[in-house]
Amino acid sequence: MGLESLSLAQARRVALAAQGFTDRRPGGVTDMRHLRRVLRRLHLIQMDSVNVLQRAHFMPLYSRLGPYPVELLERAAYRKPRELFEFWGHEASLITTDLQPLFRWRMARAADFAWGSMVRIVKEQPELVAWVLDEVRARGPITAAEIEHDAPRRKDHWGWNWSVVKQALEWLFYTGQVTAASRTTSFARRYDLPSRVLPASVLDAPTPAYPDAIRALVEMSARALGVAAEPELRDYFRLPVEGFKQAVQELVDDEVLVPVVVQGWKQPAYLHREAKLPRWVRASTLVSPFDPLIWERGRTERLFDLSYRIEIYVPAPQRLYGYYVLPFLLGDRFAARVDLKADRKAGELQIPAAWLEPAADQEETAAALAAELRRLAGWLGLHTVTAPVKGDFAGPLGVALAGVPSQP
C-alpha cells in the first residue's frame with residue numbers, strides 16, 4: 001500500500017478486508033470453494049463446547065458467507081481428504097491441515113507448553129499413557145469414555161476434574177501421537193492415530209526448524225489481521241515469546257511487514273504488504289465471541305472502540321450485557337450487541353437483551369439487526385424470533401423485528 005500511517009477508519013477497513021468481510025457473499029448455494037476461501041484467510045477456527053446458540057466453530061463462516069450448510073465444515077474437518085485438523089492453535093482449534101508441520105514444535109515441546117495435569121500424568125503414570133495409546137491404536141476411532149470403561153486404573157472424578165484416562169489422551173493429543181477423527185453428537189472427541197486421519201502428504205512433509213515455523217506463523221497472523229501490533233500477532237496462534245521478535249524483525253527486513261503508525265495506537269503497528277484498503281465495508285452480520293476478528297480484546301477496543309468481554313463465567317448479577325453476547329457489525333463499526341439463545345425445542349431464537357453502541361444510528365441499526373436476526377434464525381432452523389427482554393435497545397429492536405417477516 002505504500003503507507004506510513006493509517007487513520008483509525010483506514011485500519012478498520014484493512015482489518016475487515018483481511019478477515020474476509022469485504023469478500024462477495026455467495027449468491028446461491030454455498031459449496032466447498034466458498035468455505036476454502038474463508039479458511040485461506042483465517043487459517044484456523046476456534047472451537048468451544050458452549051452450544052447456547054451454535055457451536056463456536058460454525059459461526060465465523062456464517063459471519064462471512066451468510067447461511068451455509070454446516071455439513072460443509074463437518075466434511076472438511078472429519079472426512080477424507082481432511083482439510084482441517086484439531087489441535088491447539090488459538091486455544092482448541094480447527095486448523096488447515098497444510099499447517100500441521102508448523103505446529104510440530106509445539107507437539108515436540110509439549111512439556112513446556114501443556115498444562116500441569118497432562119505433564120503430571122506422563123511423569124507419574126507413563127505405563128497408563130502407553131496403555132491408552134495402545135487402546136487407540138487397536139480400537140480407534142474411540143472416545144475417552146469408551147477407553148475409561150476398560151481402564152486398569154480408574155479414579156472417580158467430577159466437574160472439571162478430568163479422569164486419568166482423559167489426561168493421558170490429552171497428553172497424547174498435545175504431543176501429536178493421537179488426533180481427533182471425529183466428534184460425537186455430545187461434542188466428545190473420537191481419537192485415532194494421525195496416520196489413519198491426516199493426509200499422507202501432510203505427515204510426510206518435512207518438519208521446519210523452530211525459527212522458520214515461528215516466522216511462517218507470524219507472517220500468517222499478519223496476513224490474517226491486515227494491520228496489527230505485536231500482542232495480537234503473537235495471540236493469533238498463541239505463540240511463545242521465544243523467537244517471536246526475531247521473526248517480526250526478519251519479516252520487516254524482508255519488507256513482508258511494513259511498520260506503520262495507526263491513529264491513537266500507542267504500540268508500534270505492522271501492515272502486511274499484501275493488505276488491501278477498501279474504500280468502504282458493507283458488512284451487516286453478527287460476530288461470535290470466538291471470532292478471530294475480535295480474539296484479542298485490546299485490539300478490538302483500539303480498532304472499534306468496543307470494550308468486549310464474554311460473560312459466560314461471570315455471575316449473573318454482575319453481567320453487564322448478558323450470558324452469550326454477540327456484537328453486531330454494521331459497515332465498518334460495531335453498532336449493537338445482543339444476548340442470544342437458541343431454544344431448539346420451542347423453535348425460538350430468544351433475545352434476553354439488546355444494547356445499542358453509543359455512536360450508532362438507532363433506526364438504521366434496528367432495521368439491519370432485525371433482518372440479520374431473522375436470517376440467523378432461519379439458518380439455525382428456528383421459526384420464531386422473540387422480542388428482546390431488556391437492554392437500552394430492546395424497544396427499538398422489538399419494533400423493527402415486528403416489521404420483518406420470518407425467513408424460511
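**Strand pairing and burial in a predicted chain**

All six residues of strand β12 (residues 325–330) are buried, so that the strand is mostly covered; buried means under 20% relative accessible area, exposed over 50% and partly exposed in between, with a 1.4 Å probe and protein chains only. The model is a predicted one, in which local features need pLDDT of at least 70 and side-chain atom pairs count only at pLDDT 80 or more, whereas totals for chains, interfaces and linings use all residues. Residues are numbered from 1 along each chain as its sequence is written, and side-chain values use heavy atoms, with hydrogens and water left out.

In a regular strand the side chains alternate between the two faces of the sheet. In β12, Val 325, Pro 327 and Leu 329 lie on one side, and Leu 326, Phe 328 and Leu 330 lie on the other. Both faces are covered, with all of these residues buried.

Strand β12 has pairing partners in β11 and β13; two strands pair if DSSP finds at least two bridges between them. Strand β11 (residues 284–286) runs antiparallel to β12 and is joined to it by three bridges. Within this pairing, Leu 286 has Phe 328 as its bridge partner. With strand β13 (residues 333–343), β12 pairs in the antiparallel sense over six bridges, and Pro 327 is partnered by Arg 337. The hairpin of β12 and β13 has two residues between the strands, and Gly 331 takes a positive phi near 70° there.

A second hairpin is formed by β6 and β7, with five residues between them. Phe 187, in the turn, has a positive phi of about 75°. Four bridges join β6 to strand β7 (residues 189–192), and the two run antiparallel. Across this pair, Ser 182 stands opposite Arg 190. Strand β6 (residues 179–183) is largely enclosed by the rest of the structure, because five of its five residues are buried.

Strand β6 is also among the elements against which the buried residues of helix α4 pack. The others are α2 (32–42), β2 (44–46), α3 (59–65), β3 (84–89) and β4 (91–96). The buried residues of α4 (residues 71–78) are Leu 72, Leu 73, Ala 76, Ala 77 and Tyr 78.

Strands of a sheet pair through backbone hydrogen bonds, either parallel or antiparallel. An open sheet of four strands has the order β1-β9-β10-β8, with mixed pairing. Its edge strands, β1 (5–6) and β8 (227–229), each pair on one side only. Strand β1 runs parallel to β9 (residues 257–262), to which two bridges join it. Ser 5 has Val 261 of β9 as its bridge partner.

The chain as a whole contains 17 helices and 15 strands, taken as DSSP runs numbered from the N terminus (helices H or I, at least four residues; strands E, at least two). Of its 408 residues, 56% count as buried. The radius of gyration is 22 Å, which agrees with the value near 22 Å for a compact globule of 408 residues; the radius is taken over C-alpha atoms, and the globule rule is 2.2 Å times the number of residues to the power 0.38. Along the principal axes, the C-alpha atoms fill a box of roughly 65 × 55 × 45 Å. Among contacts (heavy atoms within 4.5 Å) between residues at least 6 apart in sequence, 66% join residues at least 24 apart.
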